[in-house]
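Please look over the sequence and the model before starting.

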Protein chains: 4
Amino acid sequence: MGTTIMMPTPTATPPDVTTFERLESQVRSYSRAMPRLFNRAEGVWMEDAQGGRYLDLLSGCSSLNYGHNHPVLKQALLDYIAADGIAHSLDLHTAAKQAFLIELERTILVPRGLSYRAMFTGPTGTNAVEAALKLARKVTGRQHVIAFTNGFHGMTLGSLACTGNAGKRDGAGVPLNHVSHEPFDGYYGPGIDTADLLDQRLSDPSSGLDQPAAILVEAVQGEGGLNVASADWLRKIADIAKRHGALLILDDIQAGCGRTGGFFSFEEAGIIPDIVTLAKSLSGMGLPFALALLRPELDQWLPGEHNGTFRGNCHAFVTATAALRHFWRDGTFEQTVHQRADLLGRRLHAIAAPYGDQMRVKGRGMMQGIDVGSGEIATRITAAAFARGVIIETSGAHNEVVKVLAPLTITEAELSQGLHILEQCVALAVTPHYSAAAE
Amino acid sequence: MGTTIMMPTPTATPPDVTTFERLESQVRSYSRAMPRLFNRAEGVWMEDAQGGRYLDLLSGCSSLNYGHNHPVLKQALLDYIAADGIAHSLDLHTAAKQAFLIELERTILVPRGLSYRAMFTGPTGTNAVEAALKLARKVTGRQHVIAFTNGFHGMTLGSLACTGNAGKRDGAGVPLNHVSHEPFDGYYGPGIDTADLLDQRLSDPSSGLDQPAAILVEAVQGEGGLNVASADWLRKIADIAKRHGALLILDDIQAGCGRTGGFFSFEEAGIIPDIVTLAKSLSGMGLPFALALLRPELDQWLPGEHNGTFRGNCHAFVTATAALRHFWRDGTFEQTVHQRADLLGRRLHAIAAPYGDQMRVKGRGMMQGIDVGSGEIATRITAAAFARGVIIETSGAHNEVVKVLAPLTITEAELSQGLHILEQCVALAVTPHYSAAAE
Amino acid sequence: MGTTIMMPTPTATPPDVTTFERLESQVRSYSRAMPRLFNRAEGVWMEDAQGGRYLDLLSGCSSLNYGHNHPVLKQALLDYIAADGIAHSLDLHTAAKQAFLIELERTILVPRGLSYRAMFTGPTGTNAVEAALKLARKVTGRQHVIAFTNGFHGMTLGSLACTGNAGKRDGAGVPLNHVSHEPFDGYYGPGIDTADLLDQRLSDPSSGLDQPAAILVEAVQGEGGLNVASADWLRKIADIAKRHGALLILDDIQAGCGRTGGFFSFEEAGIIPDIVTLAKSLSGMGLPFALALLRPELDQWLPGEHNGTFRGNCHAFVTATAALRHFWRDGTFEQTVHQRADLLGRRLHAIAAPYGDQMRVKGRGMMQGIDVGSGEIATRITAAAFARGVIIETSGAHNEVVKVLAPLTITEAELSQGLHILEQCVALAVTPHYSAAAE
Amino acid sequence: MGTTIMMPTPTATPPDVTTFERLESQVRSYSRAMPRLFNRAEGVWMEDAQGGRYLDLLSGCSSLNYGHNHPVLKQALLDYIAADGIAHSLDLHTAAKQAFLIELERTILVPRGLSYRAMFTGPTGTNAVEAALKLARKVTGRQHVIAFTNGFHGMTLGSLACTGNAGKRDGAGVPLNHVSHEPFDGYYGPGIDTADLLDQRLSDPSSGLDQPAAILVEAVQGEGGLNVASADWLRKIADIAKRHGALLILDDIQAGCGRTGGFFSFEEAGIIPDIVTLAKSLSGMGLPFALALLRPELDQWLPGEHNGTFRGNCHAFVTATAALRHFWRDGTFEQTVHQRADLLGRRLHAIAAPYGDQMRVKGRGMMQGIDVGSGEIATRITAAAFARGVIIETSGAHNEVVKVLAPLTITEAELSQGLHILEQCVALAVTPHYSAAAE
């Protein structure tokens, strides 16, 4: 692979995947729509074992904001391993963790006027959410949590209770309690301010809505269909949380780490959440790493009250530190992301425009996409794109949104190339005579 | 660092850790008892930033069974990264995953007559347990789960409900339901067979004990104080599960991957669990990786019914494959582990013997330790050991068990050295005039 | 006491109630606002032990729709007891129960085109609600239930979970799960149809609102502040329940038995609930008696699957049968109730009118009242009324509604008399110089 | 009916019960085994509408300890109703309630050195249990409750969670949480003290058994099969509750009101429970009435925090007062009950003796019976008895116990007559050639 612009050159025929059929659980999902055997990746490109090349507009669901194997991060990791740097440390103090904390403070927190403590939870987003929920319940002495329609927060029982998707919820096998799901911004259409509705019920001692320990919200709902909370609405929610004695937990696992332009997705709203959860792109290289940022006065944990084996994943500390240093010490990267996002938005609108009310551009920053009206059409589009070497996925309650989650490091040329293919696939998918077999 | 025997040379004075105090959550725990700044590690040795050297008899709570940065695993990982191998793959098919599955089948499953499918859960033990619980509830249509006294299964809500420790449980902030905790083998003393008690209640339609979806058990309770389930008792539990229509989930997260000698801790009992959970040492290098092994007929998941971002951690696939290939293709390693375990057991008995009833050796294989009668004495011992450059921890309901979790790759000489120091610390800790200040 | 119009002649000084203070629990409530020692009652009049007479506009919270000790019911009961009629029968077939069933079918069900089976639950409203919830969950295989803001359904755990009032809910001591509370008709003001909002979320598989076993609703919320569901809204809710596979449970415990004119409060809406719960005035004399009416195809109970000691309270069967026979065999009584209700409504509007926006008449039929804007003012009014010999209470989230629940058998003259006093008390309570001490 | 000894003269042919089949829910149970139409009753005798006479050895499951329509109670009630005594009073102070409280204090509490406050819950046993559980959780701030195998405490969700029977529990339709069921006295056989087992787990912070708000226990398990807690065991349980900060709730609903001889079943053990629940025979005439007795310092209710419509059932106050006055002011009645119980025990042993190990007498006082080894045989026995005019029922997990719950007022002659018939039925039921058809 080189760094010049390449054309996607997908492999036409699926490889032998009987190993997976025999030995891997039926629970696997992405591999069903993209049945290739991947082995190498660099920047926005993935390669399969048969030599096929794919443009990655999925980025590990926003886990690879800086692309695959970014050379700076990769080198930092190679050096660290070669020097026998500690890989696994439980929660001991390590030089790698110290460097990360210092970089986080200097490069992210101080410039934004934020004062947080970092809690290294188990290295998955759901674990950070579970930790945040525990802390909110502990600090407030309350049990109920308010989450939102179409929210996605993870698959372990505590987080799953906060997740809206019925298919995911049904997997629990037990009732998911102590959480109610309020309508997200715009859920009932433009005429109804759902924050006001929530406030009314929380203010009514006979509403049956228990006083919450926390309000758990995403600024942009990635899995839920690229629904965007307006800055006004977020500020109202933050105010509601404060007035009703609840903590505001902002789940920035998918929308954070620059995905919407700023490091945090809530920066534009000017709010300061009580707890912020981060994961996915935090390590910068796709390594498992998750974090809950806590306002110091809320850091009322007892030692070990929430723990886990892999919360000191030093490889991730190393790459995360390198990523913060490389991309975030000045505003250049953020500015570039905004430029790419503008391009993305313009092009998506152009793609959707011919279809009038049938299609609608949604999202913010570099997490935008098109609601194409049905999961059937959306799946046609992503299948057609994959057949042309573009990796892209759907989201939303009915999988009706084609979601562009390109690496933030994508060049204009690469992004244009991908969107050009997407445009063709949209046109193809909506033709009356569409036939999957024809693909 | 070299490979010859070294003496522990701990750093006498704690380093400046104000960065952690200012920026890391109070929830940190191990670093409190071992306030050094670690940076390098190889085999059984850890180094701090001031040049101190420590013999690691904790092994990341059994996450580093092959020691730190084992050269074979390290080289495999360096080669993979250098070649731009995919780091993060969601659950796409990757060459790294395929190689792992093939090695797992060939080296672990087939020789043991086991037929399992691998479910790659989120890369933490608790996530594997959550997945196992979900599946058991889905398959059986039941909600109740039976766990055991002193069991430890993780900190997310579903797993935490199965964990016995009150301090951990209290962190939930909500009631932990759908689980009851039955007495483990030997809990009520030698005269009472706790499996029979369980069977009686499950057979009585008015006992109030709901028919369970699963019985979740560890063969050796690592966190719970090195309590060992006898082979007979495990077979009874397996039989009870079968007769009452429940799945047997064997949580082998701490005791598996060779810790008790065989790859699985339940091999001696000759049982075949319905689901086995693995994590900790699975990657071989301490990287986040977890797995649930499912009997194929139980693999009734819908695609994506349990998912997560980091369940395709290819770095871990690479090192895990290398570890299986290097250590498990023949019986040499297992035989060596048994020899070390014999040595460990003999020496621990010798250490405990002078104290008569006050001390008791517990555990099995390379997870043995001494119940010293109180958490106070145990903590004195581990503190004294750390002051002498030996990293070792306690476990049990009252932290009353000093637990030796050395890397399985430790040499006889290294193990003897560590136990010699431990012996001195035990003697010191029980002296009437013990003073922590004297340390 | 006679049957001619009497003036209320309250006792001025509270009696010695030290017996109650010493021996009865603090949980007592009504006796705090009305500290007299009552002993006799007839029709709309209650007498205390000191000879004071009180006009009862509370009717045991709608448990005495036919007044106290109605002569027809009283005689039937005296005859039954004198003849050694069975008092307690568990759920054996008794002649008293048979007579009730026949009368219920003939007088209530057949004329209304209803086909229900009667389930005799424990003789409290909450027990009927618990039974209805159990059956809905059993029949649908679902667990979630939708109740409404300001709903009141009882105080045992299952019913309490469906009750909106925070003070009541807090008494549970455990989280109240498996229920969410949706906005009742008009909750968000005139511009928002809350049935549509509910439908939208139930139709969205990612809303996080689980598919419900039942929708539990009152046609008029008695405890909740005399909120009235419109016929249109009720029909929409019935339709929503049907379309989403949920049972419609109409809780007619307070609003049924003629309180709104028809025997059932939902008759005007023309809906046929799947389950109807009745209690309070069912026995006609205030005796404990409750009932769940079930559509026959839903009667999937196993024998004894819900039971209880007092579900065959034959004294109540006797008086209930007499009440149905006396009041409901033709339309005379219903017509009279409508006339009284008209009078009540007109007079309440006249009372409220001078206060403009500060006061608002609420309710339907013979359960109407005035929202006076605050619990403080409402409590002044009821206190002033009691001081003048009128027993009347408040309801609503903030006790802000003065609620007239007169016996349906009240004469025009009696009702006018009571409302005349109420009018005076309202005027008194809103004066700027109001002083409780002045009473 | 007269007061002289009569022979049972059952009606041979079932009456037409199509009314019930058409109009009453399938949930009915007792009427299935005893398909007659009952209408009158006096003392130990019930009459059906066809003139059949039945000896009642069931007593409404201990709700009619003083027999049917006891003349003293009946007259008190007739006088009260005739004088227009208040029937229904919400929780207002009434003369009837005052008289009851004074009689309770004077006749029951003071002589036993007890200091309790009376909480008038909804008039069903389950409501009293729900109230007790709420208060225990409120006072302790804990949520978990310990109940016992084979315990029965009611059918509303809170009480049902404490009930052991799987058939009843399954009716809940939701998981029954916050309660665990520990083995009752003798559950694991004579060699194991189950109180010690409980104490061990409560004393172990890693047992997974949460610290309880309450321990809820029956001194004799009526529904559970006449299992008797020894005085020693009860004292141990009381001590365990105290040491672990839990309230001891003694559910005396079935075993209280003289059933075991003393007014309370726990008098022999010399313990003072924190809360006692009473219902069933409390009114003396089978009228709905329930009560929770609270140690005054636990009476931390807010006004109305637990309420209900029928908690001021004045008819029941009147008969309950008459019952306490008539039966309990001196020791005569209690002495007679002990004599009858001795007779009952001797005769049951004589009946069981010929069958050796196959049969076993269980119970205490006037709640004794025979475990006949299987529900099939027990049901044969009760069916044969009914065919001979004796009303008697089974209990136990498998309905294997034939339970004699005669009115305590039964004469020696009547009891002998009933037991004579029972003896015949036992002999008949165990014959190898038994055929139900032959009945």
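**Exercise 1.** How many residues does the contact take from chain B, and how many from chain A?

*Solution.* This is a predicted model, in which local features need pLDDT of at least 70 and side-chain atom pairs count only at pLDDT 80 or more, while totals for chains, interfaces and linings use all residues. Residues are numbered from 1 along each chain as its sequence is written, chains are lettered from A and ligands numbered from 1 in the order in which they are written, and side-chain values use heavy atoms, with hydrogens and water left out. With contact taken as heavy atoms within 4.5 Å, chain B contributes 105 residues and chain A contributes 105 residues. The area buried between chain B and chain A, that is, the accessible area (1.4 Å probe) lost on putting the two together, summed over both, is about 9400 Å², and carbon and sulfur atoms give 60% of that area.

**Exercise 2.** Which rotation superposes chain A on chain C?

*Solution.* Superposing by least squares on the C-alpha atoms of residues with pLDDT of at least 70 in both copies, one finds a rotation of 180° with 0.0 Å of shift along its axis, at an RMSD of 0.0 Å. That is the relation of a two-fold axis. Of the residues of chain A, A:N177 comes closest to this axis, its C-alpha lying at 2.9 Å.

**Exercise 3.** Are D:D299 and D:R117, which form a salt bridge, buried or exposed?

*Solution.* The closest N and O atoms of D:D299 and D:R117 are 2.7 Å apart. D:D299 lies in the loop between strand 12 (291-294) and helix 11 (314-328) of chain D, and D:R117 in strand 4 (residues 117-119), so the pair ties together parts 182 residues apart in sequence; helices (H or I, at least four residues) and strands (E, at least two) are DSSP runs, numbered from the N terminus. Using relative accessible area (buried under 20%, exposed over 50%, partly exposed in between, with a 1.4 Å probe and protein chains only), both D:D299 and D:R117 are buried.

How values were computed. Salt bridge = Lys/Arg side-chain N within 4 Å of Asp/Glu carboxyl O.
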